[in-house]
Amino acid sequence: MKKWIVLVILLAALPVSALQIPDAQKITGKWQGALKTPNGQLRIVIEVSSEADKLKANFYSIDQQSPAIPANTVNWNGSTFKLAIIAINGNYEGKISSDGKSITGNWSQGGQAMPLDLSRATPETAWAIPEPPPPPRRMAANANPAFEVATIKPSDPARPGKLFTTRGSEVITINTSLSDIIMTAYGLHARQITDAPAWLESEKYDITGRPDTPGQPNVEQMKVMLQKLLADRFQLKFHRDKKELSVYALTVLKGGPKFSKSTRDPNSLPGLFFTGPLMSLNVTNATMAEVAGVLQTILEKPVVDQTALTEKYDFVVRFTPDPGQFPGVGGAPPVESGDEPPDLFTAIQQRLGLKLDSTKAPADVIVIDHVTKPSEN
């Protein structure tokens, strides 16, 4: 199954921001159809409703038993129906038939467009929507967890990309180097790690760990668990130092930010991930400090949050990667067709009202004193 499909399962519901529309009854109701993916068909249900003359829509992937994923924008002009979902970087656009019983269109996600034709469901034809899974139980906020059990395996060298995620209470990494794990555990850029052996970046690992404390860990608890894993299984020892480094400062432009505060449960985990081939940075329920942290995973310098924005936010930024500037993206640049999104720096200004400025700043660094390849499982 493609990785973009997995995202439908992993990421939960988002708030809806709908647009005013005419005569909502003509589009409201349940619409269903088979999404034609490279790996077969998936049954999709889109449930459209209206409230105070505004459209809302919930997206369901029936065969994946996904929970309802509300659309962030819904638009219908009488013939064309559109919706967008930030959490999974998904968009649907279709034309409704003259009799109002079918929609012919395409679902696009992660740079791929696939046919998705929908028909209006009746009580007799409607597919059963699975019951949503119960919300995850959160780990106690004052818990200081470690991994009770952790499996570390070499990654498939042919696998592209990398992933840090959770599955229930488990913490999972896929195709991650020890450098990636240290950067995540301590909130660092690669330039803030010194005296490291060459294999720190070349050796890749898949890790699955179960905490010794009940519940789903928050971001800081995941970092603590990874720090303890590094000390135990990789025998990591280091000391801290201070160094002036070239960094990117993330600031707000004069006109102010162009994105909204998230209305998702503030205690739920943030979602920050990149999709391609033309890249998108997808952010849900995340702080600007967390955004700066994910930006520095693909940039050649550390990113320092100087926005003074303290809430959690949702947004998508689409950009064309420059392999020279973004070594973490990898792959050949796309062929120019004249309609590509701008580079990341321009996209952040145009889409978010923010700016990345190159400057010098004192930064924490860690100096590796000792590290080994991981011990046996």
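1. Accessible areas here come from the Shrake-Rupley method with a 1.4 Å probe, and for residues only the protein chains shown count as cover. On that basis the protein chain has an accessible surface of about 18,600 Å², of which 51% belongs to carbon and sulfur atoms.

2. This is a predicted model, in which local features need pLDDT of at least 70 and side-chain atom pairs count only at pLDDT 80 or more, while totals for chains, interfaces and linings use all residues. Residues are numbered from 1 along each chain as its sequence is written, and side-chain values use heavy atoms, with hydrogens and water left out.

3. The protein chain contains six helices and 22 strands, where helices (H or I, at least four residues) and strands (E, at least two) are DSSP runs numbered from the N terminus. Of its 377 residues, 44% count as buried, a term that means under 20% relative accessible area, with exposed meaning over 50% and partly exposed in between (1.4 Å probe, protein chains only). Among contacts (heavy atoms within 4.5 Å) with a separation of 6 or more, 68% join residues 24 or more positions apart.

4. Helix H4 covers residues 219–233, and its end C-alpha atoms are 21 Å apart, which agrees with the 21 Å that its 15 residues should span at 1.5 Å a residue; the expected span is 1.5 Å times one less than the number of residues. Its buried residues are Gln221, Met222, Met225, Leu226, Leu229, Leu230 and Arg233. An α-helix has 3.6 residues a turn, so residues three or four places apart point the same way. The cover over the buried residues of H4 includes strands E11 (147–154), E12 (163–167), E13 (170–177) and E15 (204–211), together with helix H2 (178–186).

5. At the start of H4, a side-chain oxygen of asparagine 218 comes to within 3.2 Å of the backbone nitrogen of glutamate 220. Just after the helix, glutamine 235 adopts a positive phi of about 55°.

6. Which residues does isoleucine 152 touch, not counting those up to four places away in sequence? They are Tyr205, Asp206, Ile207, Leu229, Arg233, Phe234, Pro374 and Asn377. Isoleucine 152 lies in strand E11 and is buried, with a relative accessible area of 7%. Its C-alpha atom is separated by 6.4 Å from that of tyrosine 205, which is 53 residues away along the chain.

7. The structure holds eight aromatic pairs, meaning rings of Phe, Tyr and Trp (its six-membered ring) with centres within 6.5 Å, where planes under 30 degrees apart count as stacked, over 60 as edge-to-face and the rest as tilted. One of these joins tyrosine 186 and phenylalanine 238, whose ring centres are 5.2 Å apart and whose planes meet at 80°, so the pair is edge-to-face. Tyrosine 186 belongs to helix H2 and phenylalanine 238 to strand E16 (residues 237–252), so that distant parts of the chain, 52 residues apart, are linked. Phenylalanine 238 is partly exposed, with a relative accessible area of 23%.

8. The rings of phenylalanine 259 and phenylalanine 315 have centres 5.1 Å apart and planes at 50°, so this pair is tilted. Phenylalanine 259 lies in the loop between E16 and strand E17 (260–261), and phenylalanine 315 lies in strand E21 (residues 313–319). Both residues are buried, and Phe259, Tyr313 and Phe315 form one aromatic cluster.

Conventions:
Polar contact = N/O pair within 3.5 Å; in protein donor to acceptor, adjacent residues only side chain to side chain.
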